[in-house]
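Visitor: I'm new to reading protein models. Could you walk me through this one?

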Amino acid sequence: APIQIARTQLSITSNLDEAHIADLMASAAGQYWDAVRARDNIKVLQQTLDLAQKSYERDKQALDLGALASLDIYQSQTQVAQRNTDLVQAQYAYTAALDGLRRLIGADLTAEWRAAELVLEDDPAKVSDRASIMPYEEALAAAMRVRPELDAAHRRVTIDDLNARVARNLMLPRLDLTVQAQAAGLGGNQVAVTGPLGITTPAVSGGLAQSLGQVFAFNAPGYGAGLQLTLPFKSTAAQAQLADALVSRTRDRYTERQVQQQIVQDVRQALTSIDLANASIESATRTRDLAQKNVEAEQQKYELGTITAFEVLDSQTRLATAESSLLNAFVGYQEAYVSYQRATWTLLDGLGMVLDTPRVN
């Protein structure tokens with residue numbers, strides 16, 4: 001049975017952090033859309049081959065009827081052969097893209113999975129709703145709130161502040177007050193003892209229970225207290241520790257600012273890429289429609305004998321170029337939308353992602 005693949009169905013189980021997983025998913029999505037581009041490019045080239053084949057069949061019929069010179073048939077034949085070559089190359093490029101996807105999803109490890117057919121379900125022409133794309137300031141605020149690398153930078157600065165505070169406290173005078181209390185259990189088995197004056201203390205039968213009772217009853221308490229003052233004169237170790245903490249805090253603050261600037265740039269570039277992709281789609285659609293009308297007009301002129309076969313084939317070539325440009329515009333939009341999701345940290349929403357802590361057996 002074929003393996004049905006859609007980008008929204010990709011899932012990953014990993015012990016990596018979320019930022020690395022998002023990078024992996026963005027890379028996988030880019031590879032997936034490249035495969036979709038290769039798939040739909042075959043359709044475009046097949047359409048151009050069909051147009052060239054129809055032109056050749058029409059020219060061959062005209063040649064058989066004596067309405068076309070024998071030397072003019074070679075233009076149509078050349079176009080058919082060239083477009084057939086382009087189609088074969090596109091098919092092999094699509095096969096290579098599918099092999100990359102097999103490796104990505106681990107379907108290249110067994111003969112059964114290597115032989116399975118991969119079916120790509122997504123259509124690049126289905127663009128996302130404009131309402132799902134937030135305005136710049138709103139998207140930037142959301143990214144600043146949820147991007148994990150910025151949160152990690154905040155935590156590093158907080159740790160540096162604590163280290164600096166600890167190092168600074170080591171350079172201050174220190175007064176330690178200790179208070180202790182204890183209880184003793186004096187009971188137990190006592191043997192008979194004869195003193196120097198001949199007085200004999202008889203044996204007393206006790207035990208562990210009697211000793212524990214005296215401890216918990218606090219019958220023989222003991223108390224103690226201590227006071228210690230430490231004056232850190234010329235504490236070079238504490239000074240060095242404080243200097244290291246301050247340097248680390250300054251460095252991490254610069255890193256935090258760099259992360260913030262990178263997020264700003266990511267969001268800005270993602271939204272700009274989406275706007276550019278929308279404009280490219282509109283422009284490429286108009287160009288494709290005009291190229292289609294031009295092919296129809298040129299074909300009618302050719303049938304009336306007012307233009308040559310070269311002009312008809314040239315209009316078909318321009319139509320193929322316009323179709324490819326439109327396909328690239330749609331795929332470019334999908335890639336730009338993936339970048340937008342990565343920038344606003346919504347790429348992993350709706351995906352089956354499990355963060356698993358490594359276990360040692």
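Guide: Happy to. This is a predicted model, where local features need pLDDT of at least 70, side-chain atom pairs count only at pLDDT 80 or more, and totals for chains, interfaces and linings use all residues. Residues are numbered from 1 along each chain as its sequence is written, and side-chain values use heavy atoms, leaving out hydrogens and water.

Visitor: Among contacts between residues at least 6 apart in sequence, what share joins residues at least 24 apart?

Guide: A contact means heavy atoms within 4.5 Å. Take the contacts in the chain between residues at least 6 apart in sequence: the share joining residues at least 24 apart is 81%.

Visitor: How many helices and strands does the chain have?

Guide: Both are DSSP runs, numbered from the N terminus: helices are H or I with at least four residues, strands are E with at least two. On that basis, the chain has 8 helices and 8 strands.

Visitor: What percentage of the residues is buried?

Guide: Buried means under 20% relative accessible area, with exposed over 50% and partly exposed in between (1.4 Å probe, protein chains only). The chain has 361 residues, and the buried ones make up 32%.

Visitor: Is Trp345 buried or exposed?

Guide: Trp345 sits in the loop between helix H8 (309-344) and strand E8 (352-355). It isn't a glycine, yet Trp345 has a positive phi of about 60°. With a relative accessible area of 14%, Trp345 counts as buried.

Visitor: Which residues does Glu298 touch, not counting those up to four places away in sequence?

Guide: Glu298 is in helix H7 (residues 236-304). Its relative accessible area is 11%, so Glu298 is buried. Leaving out residues up to four places away in sequence, Glu298 touches Ile307, Glu311, Val312 and Ser315.
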